[in-house]
Amino acid sequence: MGGEANSIMVSPFSASYPQLAERPVGKQINSIYRQRLGQFLDQGQYKKQGLMDKLYHVRISGSPHVKLHVWSAPDLSRPTFEEATKKENEYRKTQKGESFGPSWSTHWFRVQFTLPEEWEQERQVEFHWDAGNEGMVWTDAGKPLQGLTGNGNRKEWVVPKEYREVEKEQTIYIEMACNRMFGNPAGGDVIQPPEPNNYYKLSEADLVSVNTDTRALYFDFTVLADAAREFPDNSYESHQALQVCNKIMDAFIADSGSNSSIKECRKIAKTFLGNDIDTSKLYDSDKPALIQGIGHCHIDTCWLWPWAETKRKIARSWSNQCDLLDRYPELRFCASSAQQYKWLEEYYPYAFDRVKQHVKDGTFQPIGGSWVEHDTNLPSGESLVRQFLYGQRFFESRFGQRCRTFWLPDTFGYSTQIPQLCRLAGMDRFFTQKLSWNNINKFPHTTFNWVSLDGSQVICHMAPAETYTAEANLGDVKRSVTQHKSMDQDPTSLLVFGKGDGGGGPTFGHVEKLRRCRGISDTVGSVLPRVQMGRSVEDFFDRLEKKAATGETEFVTWYGELYFELHRGTYTTQAANKRNNRKAEILLHDIEYLATLATIDGKKKGYKYPKKEIDGMWENVLLCQFHDCLPGSSIEMCYDDSDELYAKVFKTGGNLLREAMEALGFDDGDGDGKVLPKAVNTLGWERKGLLHLPTKEEPGRYGLVVDGGMDVVPPYCFADAASVKQSDENTFVLKNKDLEIVVENGAITSLYDIKSKREVVPKGSKANQLVIFDDRPLYWQAWDVEVYHLNPRKELHATSSTTITESGPERVAVSTTTQISDKSWIKTTISLAASIPSSNQPSQVEVDAEVEWHETMKFLKVEFPTTITNTSASYETQFGIVSRPNHYNTTWDMAKFEVCCHKWADLSEHGYGVSVLNDSKYGFATVGNVMRLSLLRAPKAPDAHADMKRHHIRWAIMPHAGGLDERTVRAGFEFNFPVRTAHHPDPRSLDGLLEAFKFREGSSPGLVVDTVKRGEDDEDVSNGDMPAKKGRHVILRVYDSLGGRGRGTIGLGGVRVSKAWKCNLLEDEGEVVEVGEEGIEVELRAFEVASYKLRLV
Ligand SMILES: [Zn+2]
């Protein structure tokens, strides 16, 4: 029995499984085998033994196959192709190894190349060019083909079919720009001011036949090695990837890297990557994908290079993309900024046509709907409107489509009315990622509803890979899930890839890597989320919107601003630029208002609404609001550029204003100064106040603006004129009917509200006190002011005795000079005007400051300690008010230690408050009862000379009985908008017209008519971009400034209107609004921005 039983027990497999161990086999030490992977793609000591030595079959350079001639453009000029290839330009012979410079210079190369006969059958031939700087390949007929990046990046131009005939000399041109992608850094730190003397060595000018299998294996191995390194240690897939990589290396070594071994290696790779990775077809399956890849190229409109270079960057970057879109059917590319498209259209018509064709095909996707990727903290409400109006109109006129997604991946925080304005501009989606840079609190959502002050919402998505310049590595794909914060609602995300900031966009390598990532998901499984290509950002949001609409999910909400917890210095840096922005916005407002009136009732026949000039001004102002320009984070050259543009804006604007006034019948006559001029109030309410009208004989002459803003009458003897007296050594008392101010050594030690019987400055404190802080952020100098700057606070003390500079009765003033250092000083003039009879506006203490500023990493502020108690302060923002804590309870509260305000900030308690007005500042802090206006910073990078000059700044302190209300809103406007004055032979003839488009008495006081302009497409106005429409229209932009439902009547002052509509920002007509005898009745919800289109009879 025993024998039989034994035979049954024998395993059928034992024959193949040896009974005796053949040899010892060790456990693989994973860390060592993982480190070994580095050898395969090594560029150093193992290069010859690894894959990198096998990338190309043959490489040739120099004569007779590559002949180079160069012409250097003079004086750092950037000539066009035609200018550069003029016959008289002498091209001299050159060669690899020669260096070219200095920084910002341009050199044109004529490249004559001849492919050797034996290359007839080569699969891929490339011309490699690397001088460590940027370049552009041109045909000899002047067509820009493709950009070159340098330093190993995008150095290849794939020689197209028409240039592949062997033994035939071909000619191309290469335009070399002596800057890198990030300008001309001095050393390794890119944000230091540019080095003017960089020279660039031409290291490659080679014809190369590419071993396409090796190149494919390079990407196989890159992604596999990432999988081995980045998949969780405890996952089978990580171990599997490591085994595959080591097998590939072993196979390669076994056959000395022969072509057949490379083919074998690829076979091994495909066991993990799948068999479909060599075509776009792998995306054809309809397997659900969590991640949608979209190519993008962030081109900062200026930053570490000037605008002129940006124009070339756009042409380089987008030409590359057109080329890549032809070669990779699954690639989709999106690009924002109408201005960039406009530059391309103007300077590179061939490249623009190529883009246009791809837009038509749906592969090149315009996005963003704005003129530039602008800052959103600092521009006025109307500027934000115009970013959309000019942006969307450009996209519609050139491509027949408007954008639906507002795209601001890199802007420094997002103000609270953006969702409302987006919705009104036809956009219901918003994309960014910048809040991932917060250095205090982690923003808690990836996909959510972002809600405006008025309740309007957009779907916001913040790419969880936390970049808009992803290298499309496996890690980016992985992080799109591991860092996703809204998984409970929806797990999908966008992966925005492509080189950026300095331009560039996706490279072929990015697309190749993504194919392999997708291959892994399809082959190995869900350890790597699946990537989908070939769609648009709109497709992505469509799905989210649908999911929300069907109730499948409910996205969480975020109310109010998306405050960026970094870059708080950008509210203050480059003061002159910010001041110019404010002044230009105001000038444009007044021009549009007066020009509109002039076209309705032009006294001067033939007056035409100066649309073209206004467009030009707006486009320049909008351009300067780019997110590195207005915030102050660009190099000095960019501010030379913007200074020039602003000068142009002010010059044109001055002329337009004068012409509009003339058309209304005003003249510059009456030079003797005896007759007081008439005042034109461009604001939407009755304005009263003192007006300085100096003449040669009477430099201290004043007028009093009264009655609807139209008349100026001489100031009569004020019952309570302003007075000033010296009460002690260096102590002065300034007084009017409302306020009594004590100025001691230049600071206000008492500010007493006579009617309210209230002291505003706490005992022992000093208001209008200048303070200086040490300002050394962790890294980003121009951008950041860090929380610790508040610690070493230094009070500045007057260095001159205070003198009375104006003694009344209309106005009194005292001036004091304070030495800041041996190079810097500030002269402040504190003034008080006589109380204005029957004015509702509270008296203000006005301060005029002249600052000579030459400091290093210092921050100048002015403080106003108050006797107000509250836990939050209010700040004017675009079309509204934002309330922020003035305490540090939580880290979210504390993070707002420096915030953005527009024309005013306010700290109020029940029954009383203090507003601080300014004429050109945006940085503010309220800590407890101390209000602090930020004046000047002194960063040394990236502009070594930022703000080192003379500055003029005005601010005012306005205590007020009662809470925050329209008096502060109006005071903010009046402090900034000048009363325009001129003489008029028959001012009564304008009575009606000058009352038009203003709220009538009895309307809610929070309602503000912000903008009055003509319709974009009116036949007598249209610039021709879009089809003109019959009729003449006035557009009114109105908003509720206080945050409460408001009702009112907009008067028409005799202007005949046949029909009126509510419209959106793009001036599409919506519901009809009744036009009554009195005017137009409107009702707005809290903080609503409403536009109305009025058809003139
Ligand atoms: Zn940027």
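## The salt bridge of arginine 793 and glutamate 795

Arginine 793 is partly exposed, with a relative accessible area of 36%. In this predicted model, the side chain of arginine 793 meets that of glutamate 795 in a salt bridge, at 3.2 Å from N to O. Glutamate 795 is likewise partly exposed, its relative accessible area being 26%.

## Further salt bridges

The structure holds 89 salt bridges in total. One of them joins glutamate 466 to lysine 442, with 3.8 Å between the closest N and O atoms. Glutamate 466 belongs to the loop between strand 19 (457–462) and helix 12 (474–482), and lysine 442 to the loop between strand 17 (429–432) and strand 18 (447–451), so the pair ties together parts that are 24 residues apart in sequence. Lysine 442 counts as exposed at 57% relative accessibility, whereas glutamate 466 is partly exposed at 21%.

Arginine 1014 forms a salt bridge with aspartate 1020, and their closest N and O atoms are 2.8 Å apart. Here arginine 1014 is buried, at 1% relative accessibility, while aspartate 1020 is partly exposed, with a relative accessible area of 26%.

## The zinc site

Four residues coordinate the zinc ion: His298 and His627 through NE2, and Asp300 and Asp410 through OD, at 1.9 to 2.1 Å. The four donor atoms subtend angles of 89 to 156° around the zinc ion, which makes the arrangement irregular. Along the chain, the donors follow the spacing H-x1-D-x109-D-x216-H.

Aspartate 300 lies in the loop between strand 13 (291–296) and helix 7 (307–327), and histidine 627 in the loop between helix 16 (611–624) and helix 17 (636–663); the pair therefore ties together parts that are 327 residues apart in sequence. Aspartate 300 and histidine 627 are both buried.

## Aromatic pairs

The count of aromatic pairs comes to 48. In one of them, the ring centres of tyrosine 341 and phenylalanine 364 are 6.2 Å apart and the planes stand at 75°, so the pair is edge-to-face. Tyrosine 341 lies in helix 8 (residues 338–347) and phenylalanine 364 in strand 15 (residues 364–366), so this contact ties together parts that are 23 residues apart in sequence. Both partners are buried: tyrosine 341 has a relative accessible area of 0%, and phenylalanine 364 is at 1%.

Tyrosine 341 also forms an edge-to-face pair with phenylalanine 395, at 5.3 Å centre to centre and with 85° between the planes. Because phenylalanine 395 lies in helix 10 (residues 381–399) and tyrosine 341 in helix 8, this pair ties together parts that are 54 residues apart in sequence. Phenylalanine 395 is buried as well, at 0% relative accessibility.

## Backbone features

Two cis peptide bonds to proline may be noted. One joins serine 63 and proline 64, with omega at about 10°, and proline 64 is placed in the loop between strand 1 (56–61) and strand 2 (66–72). The other runs from glycine 101 to proline 102, with omega near -5°; proline 102 is found in the loop between strand 4 (99–100) and strand 5 (106–114).

The loop between strand 4 and strand 5 also holds tryptophan 104, which has a positive phi of about 75° although it is not a glycine. Tryptophan 104 counts as buried, at 6% relative accessibility. Asparagine 730, also not a glycine, has a positive phi of about 65°. Asparagine 730 lies in the loop between strand 27 (723–728) and strand 28 (731–735) and is buried, with a relative accessible area of 15%.

## A nonpolar surface patch

Leu778, Tyr779, Val787 and Tyr788 make a nonpolar surface patch of about 360 Å². Leucine 778 lies in the loop between strand 32 (769–774) and strand 33 (793–795). With a relative accessible area of 65%, leucine 778 is exposed.

Notes. Residues are numbered from 1 along each chain as its sequence is written. This is a predicted model: local features need pLDDT of at least 70, side-chain atom pairs count only at pLDDT 80 or more; totals for chains, interfaces and linings use all residues. Side-chain values use heavy atoms; hydrogens and water are left out. Patches are made of residues with over 30% relative accessible area and no salt bridge: like charges are joined within 9 Å, nonpolar side chains (Val, Leu, Ile, Met, Phe, Trp, Tyr) within 5 Å. Accessible areas come from the Shrake-Rupley method with a 1.4 Å probe; for residues, only the protein chains shown count as cover. A salt bridge is a side-chain nitrogen of Lys or Arg within 4 Å of a carboxyl oxygen of Asp or Glu. Helices (H or I, at least four residues) and strands (E, at least two) are DSSP runs, numbered from the N terminus. Buried means under 20% relative accessible area, exposed over 50%, partly exposed in between (1.4 Å probe, protein chains only). Donors are N, O and S atoms within 2.8 Å of the metal (3.2 Å for Na, K and Ca); water is not among the atoms, so sites may look incomplete. Four donors count as tetrahedral if all angles lie between 85 and 135 degrees; four count as square planar and six as octahedral if opposite donors are over 155 degrees apart and all others between 65 and 115; anything else is irregular. Rings of Phe, Tyr and Trp (its six-membered ring) pair if their centres lie within 6.5 Å; planes under 30 degrees apart count as stacked, over 60 as edge-to-face and the rest as tilted.
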